[in-house]
Amino acid sequence: MSESRLALNDVSVEFAGLRALDHVSLAVSTSEIVGLIGPNGSGKTTLINAITGHVKLAAGRVSIGDTTISGLSPREIALQGVSRSFQIVRLFNAMTVFENVEAAALAKGTPPDEARERTRTLLGEFGLGEKADELGESLSYGDKRRVEIARALAAEPRFLLLDEPAAGMNDAETETLLHTLAELPKSRGLGLIIIDHDMSLIMRLCHRLHVLASGRTIAEGDAAHVRSHPAVIEAYLGKGATHA
Amino acid sequence: MKPSHLTALVLLAVIVIIGVGSHLIGIRLYDRIATNLMISLVLVVGLQTFMGNSGLLSFAHIGFMGLGAYTSAVLTIPSQMKGMALPDLYPFLTAVEVSPLLAMVAGGLVAAAVAAAIAYPLMRLSDAAAVITSFALLVVLYTVMNNWSALTNGPRTLFGLPRTTDLPTAASVAVLAVIAALVFKESRTGKLLRASREDEVAAAALGANIPALRWRAFILAAFLAGVGGSLWGHFITSFSPKAFYLKETFLIVTMLVVGGANTVTGAVVGTVLITVAYEGLRGTESMLNATSFGAGQVIGLTEIVLALAMIAVMILKPGGIFPSREIGDILARLRARKETRS
């Protein structure tokens with residue numbers, strides 16, 4: 001697959017006059033993992049919603065390569081190769097795990113046989129083979145998260161946006177997830193943007209970090225750079241913490 | 001056997017058993033009830049294809065049944081009778097007289113075409129807005145049938161349809177309807193539509209074109225309703241627009257919701273249960289009236305008990321009797337569990 005970039009250019013989002021995102025620029029290529037971190041309410045989920053068309057931009061532009069995707073509907077953006085998971089899991093509850101994942105492949109127009117095959121492979125990769133026939137609603141929280149990620153991948157996206165994929169998982173599950181996600185850029189040639197509050201997961205997984213506070217970018221770079229950045233320490237620990 | 005095939009087999013067996021059983025008993029009343037049941041099956045299973053897969057309650061279904069019935073009437077009433085039955089009929093239609101089978105297909109196609117033409121903008125709506133607009137659509141269809149005298153004889157009773165619907169015919173159509181609903185549910189459109197039913201936002205984020213999916217299901221449902229209407233018209237042979245309104249709507253919605261709208265199994269089970277209950281209650285009602293039990297007449301017992309039954313099911317089992325899995329899936333899972341245990 002050709003290298004392309006998902007880029008946000010000077011993106012702003014407003015909710016009733018409140019700036020949820022303030023001139024944020026960010027780019028991710030199809031071979032890297034970018035971690036999006038910041039305190040609660042800093043605009044992380046809004047940024048993902050801005051990419052996927054779930055909120056309107058007040059200014060700026062989102063593009064994949066030379067194609068502008070901002071202004072398109074969530075459906076059209078999905079068809080451009082952007083998949084996502086949700087902060088609060090959104091599974092198709094009364095459908096089986098298999099159907100959940102299969103639906104994503106079908107939505108992209110994959111022929112039925114191929115969709116079934118891909119679903120089987122993905123469920124195997126995510127250790128969900130035995131649960132294929134269970135209903136979405138009957139799963140444990142960790143399993144639901146896994147199904148959601150498998151479902152997002154079944155659409156064979158170029159970019160995958162994960163909103164707190166490890167929330168609700170235990171340490172062992174998180175560790176497995178870490179390995180699975182770390183492989184994705186290479187094995188599938190896709191770019192990842194990940195939000196999570198688990199700093200150890202984020203620091204180990206991501207090639208680059210992007211830190212938001214109150215809708216503004218306050219730092220970006222590799223883990224070491226971000227960790228020692230005074231603005232980041234201030235945002236997380238409060239003013240004056242740098243001197244402590 | 002694949003679970004989906006098992007489902008088809010079980011449901012078709014139910015239809016055949018009811019059909020053959022009531023034929024063997026040989027009581028005319030049972031024959032009539034069984035034929036009615038088969039026609040209801042076509043309607044309820046048809047409603048399931050839209051409502052079950054999309055999750056949107058549609059009140060308009062019976063209106064499309066009416067379109068099918070009237071289409072079939074115009075096409076099959078013998079031309080020498082048309083002068084009396086449909087005095088204002090357009091001249092080019094008076095000579096038309098086709099076989100009831102052909103008219104049934106035409107009834108389905110007319111209903112489907114009308115659905116296709118008017119429903120697309122409605123398919124963008126969800127939740128309460130979708131329900132209310134479907135209700136408005138029923139009112140529109142009813143009003144048109146009530147007033148387009150040239151084609152329907154207005155609010156007066158239209159008579160003269162050949163009586164061609166018998167139990168085997170109705171059962172055969174019911175079998176086809178069940179197969180169509182099962183195939184549709186497992187089709188690409190059916191699967192994506194069910195995904196949108198469970199979570200609209202997530203389904204759209206996968207790239208599903210939800211209005212288009214709903215639209216296809218709505219057309220299929222209208223087609224089956226039209227076929228059911230034609231079938232019913234050739235069973236009852238005379239009717240007026242009143243036959244396609246609120247009471248009938250409530251009855252088929254009850255059948256579907258009690259059985260479980262999400263599954264074809266639920267549609268079949270609900271239809272059978274409510275038909276049996278309905279006929280039983282009606283029998284009780286007329287028996288009470290005949291023995292002049294207590295003071296005055298017992299009126300509306302059937303409707304009230306059915307309404308209460310619907311409320312009870314909604315409270316105790318909101319998804320109906322078969323809320324999410326088809327009978328074939330349930331049996332296959334039971335078997336698998338038994339195997340792992342032994």
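How many of the residues of α12(B) are buried? In this predicted model, 24 of the 27 residues of that helix are buried, and α12(B) is accordingly described as mostly covered. The helix runs over residues 210-236 of chain B, and the distance from its first C-alpha to its last is 38 Å. That value is close to the 39 Å expected at 1.5 Å a residue. Directly after the helix comes B:Thr237, with a positive phi near 65°.

The chain around this helix may be considered next. Chain B contains 16 helices and 0 strands. Its radius of gyration is 21 Å, close to the 20 Å that the globule rule gives for 342 residues, so chain B is as compact as a globular protein of that length. Along the principal axes, the C-alpha atoms of chain B fill a box of roughly 70 × 55 × 40 Å. Of the 342 residues in chain B, 49% are buried. Among the contacts in chain B with a separation of 6 or more, 81% are between residues 24 or more positions apart.

Chain B also meets chain A. The contact between them takes 18 residues from chain B and 23 residues from chain A. On the side of chain B, the elements that give two or more residues are α10 (188-198) and α11 (200-205). Of the elements on this side, α10(B) gives the most, with 6 residues. By class, the residues of chain B that touch chain A comprise 8 nonpolar, 4 polar and 6 charged.

Chain A is divided into two parts: domain 1 covers 5-81 + 157-243, and domain 2 covers 90-155. The C-alpha centres of these domains of chain A lie 24 Å apart. Where they meet, 10 residues of domain 1 of chain A are in contact with 8 residues of domain 2 of chain A. On the domain 1 side, β7 (159-163) and α6 (171-188) of chain A are the elements that give two or more residues. That side of domain 1 of chain A has 6 nonpolar, 3 polar and 1 charged residues.

Confidence in chain A remains to be described. The average pLDDT of chain A is 92, and 96% of its residues score at least 70. Within chain A, confidence is highest in helix α3 (residues 97-107), at a mean of 97, and lowest in helix α9 (residues 230-237), at 84. Where pLDDT is low, the predicted coordinates should not be read in detail.

Methods:
Residues are numbered from 1 along each chain as its sequence is written. Chains are lettered from A and ligands numbered from 1 in the order in which they are written. This is a predicted model: local features need pLDDT of at least 70, side-chain atom pairs count only at pLDDT 80 or more; totals for chains, interfaces and linings use all residues. pLDDT is the predictor's confidence in each residue, from 0 to 100. Helices (H or I, at least four residues) and strands (E, at least two) are DSSP runs, numbered from the N terminus. Domain bounds come from an automatic or database domain assignment. Two residues are in contact if their C-beta atoms, placed from the backbone, lie within 7 Å. Ala, Val, Leu, Ile, Met, Phe, Trp, Tyr, Cys and Pro count as nonpolar, Asp, Glu, Lys and Arg as charged, and the others, Gly among them, as polar. The expected span of a helix is 1.5 Å times one less than its number of residues. A residue is buried if 20 or more other C-beta atoms lie within 10 Å of its own, exposed if 12 or fewer, and partly exposed in between; C-beta atoms are placed from the backbone. The radius of gyration is taken over C-alpha atoms; the globule rule is 2.2 Å times the number of residues to the power 0.38.
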